[in-house]
Amino acid sequence: MGISLALLSAVFLTIRDIVSKQLSTKVESVTSAFASFLFAIPFYLIILFGLYLTGQEDFRIGSSFFLWVILRGVLDSAAEYGKMIALKNADLSIVSSIFTLYPILMLFLSPILTGDVLTPEIIVGVIFSVVVSIVILYKPSSISNNKTGLWAAGISCIFFSLNACLDRMAVQEASATLTGFSMTVIAGIILFPLVIRKRKQLGTLVVNTRAFLSRGLFECLFMICKLGALNFIQAPQLSTFKNISLLFAVFSGKKIFQEQNILRKTIGALLSIMGMLIAI
């Protein structure tokens with residue numbers, strides 16, 4: 001069950017990032033990050049209502065739930081903001097490659113924060129995946145032309161690694177859907193004051209409503225599947241499944257955004273998936 005949910009989360013993540021990349025040239029970064037949360041809320045409400053009617057959601061929460069959710073909301077707001085800047089200034093596949101680096105941090109953070117016991121297979125699989133990602137990323141000309149995007153992606157990567165640990169802690173206190181909904185609402189509240197100061201940008205929410213709703217749907221589905229998977233597998237293991245998203249990002253980057261160096265990126269993505277297989 002955990003592996004199936006992790007695979008689905010990788011697919012939904014890819015689709016969400018493709019839409020985000022398309023929106024990055026139309027909408028300012030902080031507004032786009034806020035919209036990512038805002039337009040996911042209606043889908044969470046629909047799913048929560050459906051689960052409640054079928055008796056699968058009782059809205060029960062643990063004593064530490066709000067602590068983890070608030071911390072995660074703060075970090076997620078910063079991470080998403082940085083990610084939007086990265087997508088605006090760098091290739092989709094390159095940004096995805098940087099985000100695959102955060103499992104290395106999780107090898108240190110996960111045992112401390114979540115108490116997970118890491119097996120040699122998990123450690124080797126994660127390190128192998130990360131090394132391959134570095135090989136994909138390394139291309140001096142590309143790096144020199146996208147420093148803003150790369151720095152933003154790197155900082156976001158740190159926040160995402162902390163988020164992954166907080167995800168696992170929070171989802172043990174409530175259902176995956178309720179946890180995702182709560183995190184999304186809090187992250188949106190945190191970003192709202194920044195967005196309201198830029199009233200001209202609010203019009204872009206209306207103009208791009210259809211695209212934002214599409215991204216909101218896949219943001220919601222991605223989070224629910226990811227959090228659900230964390231009930232069955234460890235956070236570092238789950239992180240390696242994003243290598244599948246990397247492979248999809250390479251192909252979509254070529255087809256939709258005419259990105260270059262596809263053969264090298266494809267080989268690297270396939271090798272990184274081998275790391276995922278070792279980890280699981």
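Student: Which residues does Leu-109 touch, not counting residues up to four places away in sequence?

Tutor: The model is predicted, and in it Leu-109 lies in helix H6, which covers residues 102-113. With residues up to four places away in sequence left out, the ones that Leu-109 touches are Thr-114, Ser-161, Leu-162 and Cys-165.

Student: What distance separates the C-alpha atoms of Leu-109 and Cys-165?

Tutor: Cys-165 is among the residues that Leu-109 touches, although the two are 56 residues apart along the chain. From C-alpha to C-alpha, Leu-109 and Cys-165 are separated by 7.3 Å.

Student: Does Leu-109 count as buried or as partly exposed?

Tutor: The relative accessibility of Leu-109 is 23%, while buried means under 20%. Leu-109 is therefore not in the buried class, and it counts as partly exposed.

Student: How many helices does the secondary structure of the chain come to?

Tutor: The chain has 280 residues, of which 56% count as buried. Its secondary structure includes zero strands, and the number of helices comes to 15.

Student: Which helix of the chain has the lowest mean pLDDT among its elements?

Tutor: Over the chain the mean pLDDT is 81, with 80% of the residues reaching 70 or more. Among the elements, helix H3, residues 41-53, has the highest mean pLDDT, at 96. Where pLDDT is low, the predicted coordinates should not be read in detail. With a mean of 50 over residues 140-145, the element that has the lowest value is helix H8.

Student: With which residues is Ser-9 in contact, leaving aside its neighbours within four places in sequence?

Tutor: Ser-9 has its place in helix H1, residues 2-23, and at 4% relative accessibility it counts as buried. Once its neighbours within four places in sequence are left aside, the residues in contact with Ser-9 are Phe-222, Cys-225, Lys-226 and Leu-238.

Student: How far apart in space are Leu-221 and Phe-12, C-alpha to C-alpha?

Tutor: Leu-221 has its place in helix H12, and with a relative accessible area of 23% it is partly exposed. Not counting residues up to four places away in sequence, Leu-221 touches Phe-12 and Ile-47. Although Leu-221 and Phe-12 are 209 residues apart in sequence, their C-alpha to C-alpha distance is 6.6 Å.

Student: How are H2 and H10 oriented to each other, roughly parallel or roughly antiparallel?

Tutor: Helix H2, residues 29-38, and helix H10, residues 176-196, pack with their axes 8 Å apart and at an angle of about 150 degrees. Angles over 145 degrees belong to one class, and H2 and H10 are therefore roughly antiparallel.

Student: How many nonpolar residues are there in the contact of H2 with H10?

Tutor: H2 passes H10 in a left-handed crossing. The contact draws on Val-30, Thr-31, Ala-33, Phe-34 and Phe-37 of H2, and on Thr-184, Ala-187, Gly-188, Leu-191, Phe-192, Leu-194 and Val-195 of H10. By class, these residues include no charged ones and three polar ones, and the number of nonpolar residues is nine.

Student: How many charged residues does the contact of H2 with H12 have?

Tutor: H2 and H12 pack at an angle of about 60 degrees, with their axes 8 Å apart, and they are therefore oblique to each other. H2 contributes Ser-32, Ala-35 and Ser-36 to the contact, and H12 contributes Phe-212, Arg-215, Gly-216 and Glu-219. Sorted by class, the contact has two nonpolar and three polar residues, and the number of charged residues is two.

Student: Is Gln-234 buried or exposed?

Tutor: Gln-234 has its place in the loop between helix H12 (209-229) and helix H13 (235-240). Leaving aside its neighbours within four places in sequence, Gln-234 is in contact with Asp-116, Val-117, Leu-118, Ile-122 and Arg-168. Its relative accessible area is 15%, so Gln-234 is buried.

Methods: Residues numbered from 1 in each chain as written. Predicted model: local features only at pLDDT ≥ 70, side-chain atom pairs only at ≥ 80, totals over all residues. Heavy atoms only, no water. Axes fitted to C-alpha atoms, helices over the stretch in contact; angles between N-to-C directions. Helix = DSSP H or I, 4+ residues; strand = E, 2+ residues; numbered from the N terminus. Parallel < 35°, antiparallel > 145°, perpendicular 65-115°, else oblique. Left-handed = near helix turned anticlockwise from the far one by under 90°. Contact = heavy atoms within 4.5 Å. Nonpolar A, V, L, I, M, F, W, Y, C, P; charged D, E, K, R; others polar. pLDDT = per-residue confidence, 0-100. Buried < 20%, exposed > 50% of the residue type's maximum accessible area, 1.4 Å probe, protein only.
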